[in-house]
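Try each task yourself before you read its solution.

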Amino acid sequence: NLIKGSAAMSEKTEVDLTGVKQNTGVWLVKVPKYLAQQWAKASGKGEIGKLKIVKKQGKADVSFTLNEDLTSLSALGEKAASVRAPRDHPFTMHSVGGQTLAVFTETSADKISLEGMVVQRAECRPAVNENYMKLKKLQIEVSTKPQRLTEQMDRAVTNNFKPVSNHVANVEYEKKKRAEGRMVRADRQQVMDMLFSAFEKHQYYNIKDLVEVTKQPVTYLKEILREIGVYNTKGTHKSTWELKPEYRHYQGGEEEIKGD
Amino acid sequence: MASLGGSSSSSTEYIVRVPKNTSKKYSIMAFNSGDKVNCSSWTQARMERDMSNRRMYGVEETEEGAAGSEFGKKQREEARRKKFGIVTREFKVEDQPWILKVNGKAGKRFKGTKKGGITENASYYIFTQCPDGAFEAFPVNGWYNFVPQAKHRTLTAEEAEEEWGRRNKVVNHFSIMLQRRLREQERGPDDDDEEGEKGGKKKKKKGGRGGDLRIHDLEDDLELSSDESDSSGGEDGDSKPKKKEGDVKGKVKKKKKKKRGSDSEANEDSDDGDFEGLEVDYMSDESSSEEEVGEEKAKSNKEAVPKGIDEASESEEESEEEKQNEEEGKEEEEEEEGKKTPVQTKKKRDSSGESDTSEDSDIDGEAASALFMKKRTPPKRGGGRGSGGSSRTGSRPGTPSIDSASTSNTLRAAASKLEQGKRQVVGGSSESPAAKRLKMESSSTAVTTQSPAPSGKSTPQPPSGKSTPSSSDVQLTEEAVRRYLIRKPMTTKDLLKKFQTKRTGLSSEQTVNVLAQILKRLNPERKNVNDKMHFYLTE
């Protein structure tokens, strides 16, 4: 009765193929983390910089220059104030090679569309200079800091483990109990009705659970149970009570009113 | 966009934007180049998440609704799991694989598994060029590697291992899947007709993986000694009833690939595959040969067989077998319908009626065994044959019963004699193996060629005189006893040993009685040697 995922499979979404039909080509660019963080800070139209492509005798040199306003680093803490993100990033171009890469998008409305094929792969590298080295140093410092720190304290903590005459939880429990009071024997027939309705929901019950459900004293409840039910000692439903067969009307989930 | 002119270079600058409020999540769909996927050729595509890994709460355990459920079971189970520290991974829909179906039901299917860790150290961006010339960069959310899913049936791991073991034997690889399909059909809805049909059709082709037959692999002991005369390749199994020579239970082929027809899968004729076509004994429990103890003995007797005899009888073999098969067809069908009997040898003589010789050879041992290497049928068959001689399967023209009257008579006589329990052979006198062989050959030819009488080397009739039904070699006769006693003194025990029940065909009681009579007649002298009473005669 395992309801496997197949039953719960989402509906198939038709994929919009316009992108590939038009042979749209895109670039897949690998960008360093810090740069991506800077880009996320872009404002307004989202301009982040300029891409410069120089075509020289068949070869193309591509490089990206970060906008000035995005060079301030805040992600790395106060120390980052002196360091700025590098601006020049030459691109290393790669061929698409052993993989056929396509790009697809999902909208929040679960619409899927194929945007296009990757025609060029590139890696965005920062121009290696003094600035970049400083940045890297900063990053390393941040990352090597241990997550847990051991500190020595001057005075011991004394908020806990003090002896208490009566624990808070205990006190509350006792109050609650007093409020409820002792369980009163209700009318026999009433109790039986309660039991029947309970057994409609589940077949097996623990005596404790029944006490909670019916709010009856245990001995009284047991008496009634002995009348209409049977106690399971063995089997999977270890020590539970269930209704006698003549009272049961289970039919694969359907419930009927069990009568006397 | 600024263009800078240069002598041999031109450079252009483009603005790069990262759109802020994009609701679209970008992902990469990666295919292996080897799969030769051309997205632009797709007419239609559907994609969905593969939810097969989802385990819903409480559904793992049997869900029964009101009946059988306990109050608070769920909570208790959860508490229990927590106690034991069982941590079930949360099912995240975004991490589930994709199922991509291209060009509808008949098209290709792909499964795209998410590649982990791509956003950990570096980010991927998709750069697209906008109509206004600027570039827009979108971060890649996930990378999915799509692999095509096989639509054709594949073997499971166990099956694959099995097939791997048989790779040298099997040439027809198409039948592998065929068998698998057949087996599935058997396991599945038991549609007898369908199965029978297909079985019938395919049985010829498929290699037998008969259910109740165990085939033992002879790869270990592939010396083609006579012991392995009977070997039907595993392939034969199921095709038996359907074979024309249906009754070829004793594919008395040693190593010869004569009746390859039974092999459903063509075996390679490679050098090292010389033994591949070996037909293997079926170790089925209900082999009829088990009933014949003698056969076991005979089998054990089959030691090194002089090759000459093989070759000589080789030519006869086929025809013999054919004939024998036909003859025995009936009996075999009666007895072994669907059973494979490890018939080691067939008694050639059966057909020829030379029951004596064949039996003799059986019992005699080596020389005889040579002849009967593979041509034996149990006497029962002989009996059945005798009785059913007339009603033999008429698939072959000119079966012995029909042709020569004389031989048929002798045949019947021989056959009936045969039926007398043990290896009783209609007594011929002891003849040399060579003679016997000749006799057999001639008799076989006699049968095949419908000649009225075997070339007069011998008759199948028991020689008159001693009427004791005994083997030609070892007869409990007065003459024989006399000879022994003249030679040297013997005790009764010794004498009895000389006339073994197996050889004489008499029961022990009979032997004793007969011997006693003979001794009375002979009245040998008595001598006590070593406190034992010895008899002796002086001539």
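**Exercise 1. How much area is buried between chain A and chain B, and what share do carbon and sulfur atoms give?**

Solution. About 6700 Å² is buried between chain A and chain B, and carbon and sulfur atoms give 58% of that. Buried area here is the accessible area (1.4 Å probe) that two parts lose on being put together, summed over both. Next, who takes part? Chain A puts 77 residues into the contact and chain B puts in 71 residues, with contact meaning heavy atoms within 4.5 Å.

A word on ground rules: this is a predicted model, where local features need pLDDT of at least 70 and side-chain atom pairs count only at pLDDT 80 or more, while totals for chains, interfaces and linings use all residues. Residues are numbered from 1 along each chain as its sequence is written, chains are lettered from A and ligands numbered from 1 in the order in which they are written, and side-chain values use heavy atoms, leaving out hydrogens and water.

**Exercise 2. Find how many salt bridges cross the interface of chain A and chain B.**

Solution. Start with the rule: a side-chain nitrogen of Lys or Arg within 4 Å of a carboxyl oxygen of Asp or Glu. Applied across the interface of chain A and chain B, it finds three salt bridges. One of them links R46(B) to E14(A), with the closest N and O atoms 3.0 Å apart.

**Exercise 3. Which strand of chain B pairs with β3(A), and in what sense?**

Solution. First, strands are DSSP runs (E, at least two residues), numbered from the N terminus, and two strands pair if DSSP finds at least two bridges between them. The partner of β3(A) is strand β2 (residues 9–17) of chain B, antiparallel over nine bridges. Within this pairing, V54(A) has S11(B) as its bridge partner. Then follow β2(B) onward: two bridges join it to strand β8 (residues 135–148) of chain B, and these two run parallel. Here V16(B) stands opposite F135(B).

**Exercise 4. Is D110(A) buried or exposed?**

Solution. Locate D110(A) in the loop between β6 and β7 (112–124) of chain A. Its phi is near 65°, a positive value in a residue other than glycine. With 51% relative accessibility, D110(A) counts as exposed; the cut-offs are under 20% for buried and over 50% for exposed, with partly exposed in between (1.4 Å probe, protein chains only).

Definitions and conventions:
Helix = DSSP H or I, 4+ residues; strand = E, 2+ residues; numbered from the N terminus.
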